[in-house]
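Biologist: I would like to learn how to read a model such as this one, feature by feature. Could you take me through it, giving the general idea before each case?

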Amino acid sequence: MSDPAAQALQPRLLQAQSAGSAGSSTTTTAGSGSGNSDPVRPGLSQQQRASQKKAQVRAFPRAKKLEKLGVFSACKANDTCKCNGWKNPNPPSATRIDLQQQAASLSEPCRSCGHALANHVSHLENVSEDEINRLLGMVVDVENLFMSVHKEEDTDTKQVYFYLFKLLRKCILQMSQPVVEGSLGSPPFEKPNIEQGVLNFVQYKFSHLAPKERQTMFELSKMFLLCLNYWKLETPTQYRQRTQKDDGTAYKVDYTRWLCYCHVPQSNDSLPRYETTQVFGRNLLKSIFTVTRRQLLEKFRVEKDKLLPEKRTLILTHFPKFLSMLEEEIYGENSPIWEADFTMPASDGTQLGHQTVISPASVSGSPALSKCLNSSSSVSSMDTGGAEPKTGEKRKLPETLTLEDAKRIRVMGDIPMELVNEVMMTITDPAAMLGPETNLLTPNAARDETARLEERRGIIEFHVIGNSLSQKSNKKILMWLVGLQNVFSHQLPRMPKEYITRLVFDPKHKTLALIKDGRVIGGICFRMFPTQGFTEIVFCAVTSNEQVKGYGTHLMNHLKEYHIKHNILYFLTYADEYAIGYFKKQGFSKDIKVPKSRYLGYIKDYEGATLMECELNPRIPYTELSHIIKRQKEIIKKLIERKQSQIRKVYPGLTCFKEGVRQIPVESIPGIRETGWKPSNKDKGKEVKDPDVLYNMLKNLLAQIKTHPDAWPFMEPVKKSEAPDYYEIIRFPIDLKTMTERLKNRYYVTKKLFIADLQRIITNCREYNPPDSEYCKCANTLEKFFYFKLKDGGLIEK
């Protein structure tokens, strides 16, 4: 027996198809739905349509409600009747809607079994109105699923829709609650879930920030979770095609769970609904993050004009960086945010001997959000002398320098901040403005890129430590000092071990130690002379198996920031022939600006070594400098592209070099001045004559050449009908008519370009025609004539 519910739904399906839509049916195209005004919640519109339809149905009169439920109710006239739904003897046409239809009488016979409608709905006589409305809601959901089944092209999705259609159909018949059965299991499917992992990520990466900046990170995480809850996942078939995996069983199970518990219930609220981020965890996120991230960023880029102005910069500039950092934790093998017992390590300045925990100096030249997205892990400083800055204290600026001045000087130079912000809003490539962490090792990576990334991940740490005679020795510090003594002794074989040991353990000396996996792998030993305004660098080394990773550069950058905080702006050191190259890369020079009277007798003199100096700039955040420069380059690149897009005129390429011209002045390049180029003062005397004067001279000369009796073969372009193979032989054709057009268009900004085209006319003629031909004879005569005129007009030397 055919399904009466399916028959009753056929007119609705035809109506939806003719209208070009399926009501609130769901689609399985990966990404967001189309035609939605809210880019963050692509499922919202279909949910609203379903709610609106249910409100209409629940407003029906009681008789109309019973008729609608009768379609899904079995006949109870007698035990022998097998009819499982009342069929209207006068089915409505596809163009009629429920509100226009008259309610059928309870005595109306069923078209299938002949029993009255009352026999199908007798079990509903004493049912409350609330229960009736609940069942009607399921009826609407069944109708939507029925249309989804017929519209869906993907086989896997179609099967799930059909299963849910039958489930709700059965629940209406039995007046029960829908429960998804089978091997899918019950939510939640993973612990910790995505939501908890993302919140752990925010705490793990940004807990050291100021409350306002930390709240901004929290808002970004909430936006990502909201997007994920309303995002449409790719089908198993699409997943297999993208990943090139033959076996996508695990993803297919998760996809089916997502359809049943998360996606379909968004618009079919008869089914229990769960948030995607609350029932799934890292495994699903690994499967979908790459493609979802790309779709999210593309959607925001396309719909950026719909975003609120205050949200636009946040989403287009900072959200891609947030996703890049999150990606590392999703795919990283040792990420702690997915551990069930995840807790943040203590960061309250716990004392280890005379250790004080401080946070890195903020990059005050960058926006607050950029700082929090790019700040490194906290730097631990163990210091015996002077009060240390409090946790999170920013580097102090000179009294004569305001914060706004520092921002302008440090980051953007003379480019207006308004223009920079506008340009940054147009940069939507996730890898364009994100610094070196986007791709682990980019082709043009900065030397300290890997080290900075490892520090942010907590793989390496930096501690300023020193021995103390006034406090009880700390075992951990002493072990690190011994490790430093070993590294220096091994890497600096020319230095006596006793000498290294004495300076490393000398209370007046300190060492910036590089710690990896709890052991020392490098360091810089130094002595500060605050009264003299400089610091002497004594030893600098990284263990051999950890070199060429940027640790040395990052060590020196941390040392520079440490000294800026202590208002010491000069380094002095004696470097042997093997170390001079390293120190030059770190900004050291043999040009000593510190007066000799200030350091003479203070620093140790080494035979055969070269004294070098480094002057520190308190405006520079050294540990982030390479990252800032990369961002500046990207901004400049965008500014250049903007300028180029404003130049509407396109000039033809230069071909004069093919005719033997070896060199032309820069100012003769067509369009060079429109780009904003200006000649330097030293070149101004070499400039060609006034453009208008040059134009008139060339115009008169060209007119004389065109009136010459032997110019007739060259007046117009060669016709293919006269010389079919001409353009196969001559790659760069030219003629006097073309030259006239070029002259009108001010192409000839120098005399050399004009002469090159004239010479090319002659060269082309000689290349194509035999030497004794009439054309070559004309070319020879014309060449002598225009060279005579060029000399006569002073355009070339006589």
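Biologist: Is Glu-536 buried or exposed?

Modeller: In this predicted model, the reading rests on relative accessible area, where buried means under 20%. Glu-536 has a relative accessibility of 2%, and therefore counts as buried. The residue lies in strand β6, which spans residues 534-542, and the unreviewed UniProt entry lists Glu-536 under "active site", an annotation of a kind that may be inferred rather than shown by experiment.

Biologist: Which residues does Glu-536 touch, once those up to four places away in sequence are not counted?

Modeller: Contact here means heavy atoms within 4.5 Å. On that basis Glu-536 touches Cys-525, Phe-526, Arg-527 and Phe-529, and also Leu-572, Tyr-602, Ile-603 and Lys-604.

Biologist: How should I read the packing of two helices, and at what angle do α24 and α27 pack?

Modeller: Two packed helices are described by the angle between their axes and by the distance between those axes. Helix α24 (residues 691-706) packs against helix α27 (residues 751-768) at an angle of about 15°, and their axes are 11 Å apart. Angles under 35 degrees count as roughly parallel, and α24 and α27 are therefore roughly parallel to each other. The crossing in which α24 passes α27 is right-handed.

Biologist: Which residues of α24 and α27 meet?

Modeller: From α24 come Leu-694, Leu-698, Leu-701, Leu-702 and Ile-705, and these meet Lys-751, Phe-754 and Leu-758 in α27. Sorted by class, the contact of α24 with α27 has seven nonpolar residues, one charged residue and no polar ones.

Biologist: At what angle do the axes of α18 and α19 cross?

Modeller: The axes of helix α18 (residues 475-491) and helix α19 (residues 497-504) cross at roughly 145° and come within 10 Å. Here too the crossing, that of α18 passing α19, is right-handed. On the α18 side the contact is made by Leu-481, Gln-485, Phe-488 and Ser-489, and on the α19 side by Lys-497, Ile-500, Thr-501 and Val-504. The residues of this contact of α18 with α19 divide into four nonpolar, three polar and one charged.

Biologist: Turning to backbone geometry, where is there a cis peptide bond that joins two prolines?

Modeller: The torsion to inspect is omega, and Pro-187 and Pro-188 are joined by a cis peptide bond with omega at about -5°. A cis peptide bond also joins Lys-191 and Pro-192, with omega again about -5°. Pro-188 is placed in the loop between α6 (155-174) and α7 (194-206), and Pro-192 is likewise placed in the loop between α6 and α7.

Biologist: What is the phi of Met-175, and what is the phi of Val-548?

Modeller: Met-175 has a positive phi of about 55° although it is not a glycine, and Val-548, also not a glycine, has a positive phi of about 60°. Met-175 belongs to the loop between α6 and α7, where its relative accessibility of 27% makes it count as partly exposed. Val-548 is found in the loop between β6 and α20 (551-565), and with a relative accessible area of 84% Val-548 is exposed.

Biologist: Where does Val-666 lie, and what is Val-666 in contact with?

Modeller: Val-666 lies in the loop between α23 (625-646) and α24, and at 42% relative accessibility Val-666 counts as partly exposed. Leaving aside neighbours within four places in sequence, Val-666 is in contact with Ile-672 and Trp-677. The C-alpha atoms of Val-666 and Lys-678 are separated by 9.9 Å, the two residues being 12 residues apart along the chain.

Methods: Residues are numbered from 1 along each chain as its sequence is written. This is a predicted model: local features need pLDDT of at least 70, side-chain atom pairs count only at pLDDT 80 or more; totals for chains, interfaces and linings use all residues. Side-chain values use heavy atoms; hydrogens and water are left out. Axes are lines fitted to C-alpha atoms, for helices over the stretch in contact, and angles run from 0 to 180 degrees between N-to-C directions. Helices (H or I, at least four residues) and strands (E, at least two) are DSSP runs, numbered from the N terminus. Angles under 35 degrees count as roughly parallel, over 145 as roughly antiparallel, 65 to 115 as roughly perpendicular and the rest as oblique. A crossing is left-handed if the near helix is turned anticlockwise from the far one by less than a right angle, and right-handed if clockwise. Ala, Val, Leu, Ile, Met, Phe, Trp, Tyr, Cys and Pro count as nonpolar, Asp, Glu, Lys and Arg as charged, and the others, Gly among them, as polar. Buried means under 20% relative accessible area, exposed over 50%, partly exposed in between (1.4 Å probe, protein chains only).
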